[in-house]
Amino acid sequence: MKWEGYRQSSNVEDRRGSGSGFGLGGGRISAGAIVIALIGGLLFGIDPLTMLSVITGGGSSMVQEQGPAPPAPPGDTQAAFVSTVLADTEDVWTGLLRQENKIYEPPKLVLFRGAALTACGQGSAAMGPFYCPEDQRIYIDLNFFDTMANQLGAGGDFAQAYVISHEVGHHVQNLLGISERVNAARAHLPRSQANSLSVRVELQADCLAGVWAYHSQRSKGWLEQGDIEEAMNAATQIGDDTLQRKTRDTIVPESFTHGTSAQRTRWFTRGLQTGNMTDCNTLEAGKL
Ligand SMILES: [Zn+2]
């Protein structure tokens, strides 16, 4: 991605230096621990790139408002990259929602290390990036990107952009009232059916990430050879079946909460091909 030099978002909250890594012995958590927790989390229904309230059912509001964020400090390339991608999602989604006569209220994106207080409860780096609808914030420990590259086999800047835009996709679902409807429905369902509804929500976020990528490329033309493949590969490597295959002999589809590798790449591709949100109706799709 040729991302340098574009606008950075003012919606990044940098909590990496604030010492909020309580509960985990100083905040740092090793990349190995993240992988173990990511994979182990599958057994308990916790997955990377999730929407936190689905897991916790919401929680107390403990988030203090802060002023607009300054741009990433010079030399902090990863933070600058995240901020630049976030800014582009703001541009794209503002335009797309305007076409629907809706106003896009951009989410905040919190950079943290180890653990973070959220309105959905305590977030941990071990969960991977997540979105909390209660405070409309995306939480990312940048170490996750190293884990993706080195241990999940999903490196590349556009793989990271896909992760960010997937979380932004959850924010769009929240703004459109989709998350609320799904959570209400989920509450009355047995575990296996609730999980399959989660899969549909996650695949929709993948599709919305593709929609963003379509419009982003149309306006900036900043993708380079191999970028799309990086996103596809990331979608593959963090598919439920692929993650489960790495850790156990049998695959348990009932426990899936994000969809298979094939499903994740298919829905990302669908959004990417048309750039049309109406093609992302995973909730009613007969075939995922
Ligand atoms: Zn997700």
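The model is predicted, so local features need pLDDT of at least 70 and side-chain atom pairs count only at pLDDT 80 or more, while totals for chains, interfaces and linings use all residues. Numbering runs from 1 along each chain as its sequence is written, and side-chain values use heavy atoms, leaving out hydrogens and water.

Let's start with helix H3, residues 77-99. Helices (H or I, at least four residues) and strands (E, at least two) are DSSP runs, numbered from the N terminus. H3 has 23 residues and reaches 34 Å from its first C-alpha to its last, close to the 33 Å expected at 1.5 Å a residue (the expected span being 1.5 Å times one less than the number of residues). Just after H3, Asn101 takes a positive phi of about 60°.

Now for the charges. The whole structure has 10 salt bridges, each a side-chain nitrogen of Lys or Arg within 4 Å of a carboxyl oxygen of Asp or Glu. One of them pairs Glu13 with Arg137, with the closest N and O atoms 2.7 Å apart. Glu13 sits in strand S1 and Arg137 in strand S7, so the pair ties together parts that are 124 residues apart in sequence. Both Glu13 and Arg137 are buried (under 20% relative accessible area; exposed is over 50% and partly exposed in between, with a 1.4 Å probe and protein chains only).

Arg16 and Asp76 also meet in a salt bridge, 2.7 Å from N to O. Arg16 is in the loop between S1 and helix H1, and Asp76 is in the loop between helix H2 and H3, 60 residues apart. Arg16 and Asp76 are buried too.

Back on H3, Asp91 meets Lys220 of helix H7 at 3.9 Å, N to O. Asp91 counts as partly exposed because its relative accessibility is 41%. Asp91 and Lys220 belong to a salt-bridge network with Arg7, Asp88 and Glu90.

That leaves the 2 disulfides, defined as pairs of cysteine sulfur atoms within 2.5 Å. Cys120 and Cys132 are joined with an S to S distance of 2.0 Å, and their link is right-handed, with 90° about the S-S bond. Cys120 is buried at 1% relative accessibility, and Cys132 at 0%.

Cys207 and Cys280 form a disulfide, also with sulfur atoms 2.0 Å apart. Its torsion about the S-S bond is about -75°, so this disulfide is left-handed. Cys207 lies in helix H7 and Cys280 in the segment after helix H10, 73 residues apart. Both cysteines, Cys207 and Cys280, are buried.
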